[in-house]
Structures are given as structure tokens and as C-alpha cells.
Amino acid sequence: MTHRHTPAQLVVELAKAYALAEFYPPLHPTLVHGLHAVDRCLLATGHGLHLRVGPMGEVAVEDGPAPRSAHVERLGAQLAAHGVTSLDIRNDVGEGPLGRFLSAVALPPRVARAAGGLPAAYAAVGGG
């Protein structure tokens, strides 16, 4: 039986991995396990994930609002704090770059701004 991963399911998995990235370094086994779940979901879709982030951190996916959960709300709030309004994640991004990106998102915005913003923070942790 093939399980279809919806954008709503993907954003929940991404938000769970973000919650782990808030506490664990990118190579910690617990975070790697969470990233692997997101990677599996992304690969199963055959396409990436597009998120829209509102000014108050509300997250929307292709087919409407993202599911409400503490993890999704925290991820949305942090992305909004970094000034992110739209986020595209390719389905072939891989666990390593995704972990580095989520770790950069987990940085306090003032720390990221001091380093040149989220793009510079992402590059500093090895992102492309």
C-alpha cells in the first residue's frame, strides 16, 4: 500500500524536525531520525513543499492553512521572526542541508542578523 504524503503532513513533519533542531546539533541521532522522516516524506511526494508564512507566524501550504499544532506554530513564529514570508523546499534536499537549515532557523533572529541574516547564517552552517 502506498501512503500519500500531503503538504499538511509534510509541514507537520518539518515542524517536528524543527522542534528537534532547537535542542539538538545537526548530527545528533535524535535530530537525524526526525530529518530522515521529513526526507522520506519529501521523496515520496515527488515534488517539494511550498510554505507561505504570515506576519504573525501563521503557516499556509498549497491547499490551505497548515494544521494547527504547537510545533507548526513555533516554526511559523520563528520563520516570521526571521522575516521569511515564503519557503520552498525541494523534495531532493536531503537530510544534511535540511538539518543545517533548520538549525539556522532555530538561531535567535538577532544572532542571525548580526551574522548577516538567515541566508548568511545558513551559509555559515554549510548551506548552499
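At what angle do helix H1 (residues 7–21) and helix H3 (residues 70–81) pack? The structure is a predicted model, in which local features need pLDDT of at least 70 and side-chain atom pairs count only at pLDDT 80 or more, while totals for chains, interfaces and linings use all residues. Residues are numbered from 1 along each chain as its sequence is written, and side-chain values use heavy atoms, with hydrogens and water left out.

Two packed helices are described by the angle between their axes and the distance between the axes. For H1 and H3 the angle is about 75° and the axes lie 8 Å apart. Here axes are lines fitted to C-alpha atoms, for helices over the stretch in contact, and angles run from 0 to 180 degrees between N-to-C directions. H1 is therefore roughly perpendicular to H3; angles under 35 degrees count as roughly parallel, over 145 as roughly antiparallel, 65 to 115 as roughly perpendicular and the rest as oblique. On the H1 side, the contact (heavy atoms within 4.5 Å) is made by Val11, Val12, Leu14, Ala15, Lys16, Tyr18 and Ala19. His71, Val72, Arg74, Leu75 and Gln78 make the contact from H3. By class, the residues of this contact comprise eight nonpolar, two polar and two charged. In this scheme Ala, Val, Leu, Ile, Met, Phe, Trp, Tyr, Cys and Pro count as nonpolar, Asp, Glu, Lys and Arg as charged, and the others, Gly among them, as polar.

Next comes the chain as a whole. Its secondary structure comes to six helices and four strands, where helices (H or I, at least four residues) and strands (E, at least two) are DSSP runs numbered from the N terminus. From the N terminus on, the elements run α-α-β-β-β-α-β-α-α-α. The C-alpha trace spans about 50 × 30 × 25 Å along its principal axes. The radius of gyration is 14 Å, which agrees with the value near 14 Å for a compact globule with 128 residues; this radius is taken over C-alpha atoms, and the globule rule is 2.2 Å times the number of residues to the power 0.38. Among contacts with a separation of 6 or more, 66% join residues 24 or more positions apart.

Buried residues make up 44% of the 128 residues in the chain; buried means under 20% relative accessible area, exposed over 50%, partly exposed in between (1.4 Å probe, protein chains only). In soluble globular proteins, nonpolar side chains tend to be buried together. The largest nonpolar core holds 31 residues, of which Leu14, Leu51 and Leu102 touch the most other members. Such a core is a set of buried Ala, Val, Leu, Ile, Met, Phe, Trp, Tyr and Cys residues joined through side-chain atoms within 4.5 Å. At least two residues of this core come from each of H1, H2, strand E1 (49–53), strand E2 (59–61), H3, strand E4 (86–89) and helix H4 (95–105). H1 gives the most, with seven residues. Beyond its neighbours within four places in sequence, Leu51 is in contact with Val11, Leu14, Val59, Ala60, Val61, Thr85, Ser86 and Leu87.

Val53, found in strand E1, is buried, with a relative accessible area of 7%. Val53 and Thr85 are 32 residues apart in sequence, yet their C-alpha atoms are 4.6 Å apart in space. Not counting residues up to four places away in sequence, Val53 touches Glu58, Gly76, Leu79, Ala80, Val84 and Thr85. Leu42 is found in helix H2 (residues 29–45) and counts as buried at 2% relative accessibility. A distance of 4.6 Å separates the C-alpha atoms of Leu42 and Asn91, 49 residues apart along the chain.

Glu73, in helix H3, is partly exposed, with a relative accessible area of 40%. Asp63 lies in the loop between E2 and strand E3 (64–65) and is exposed, at 57%.
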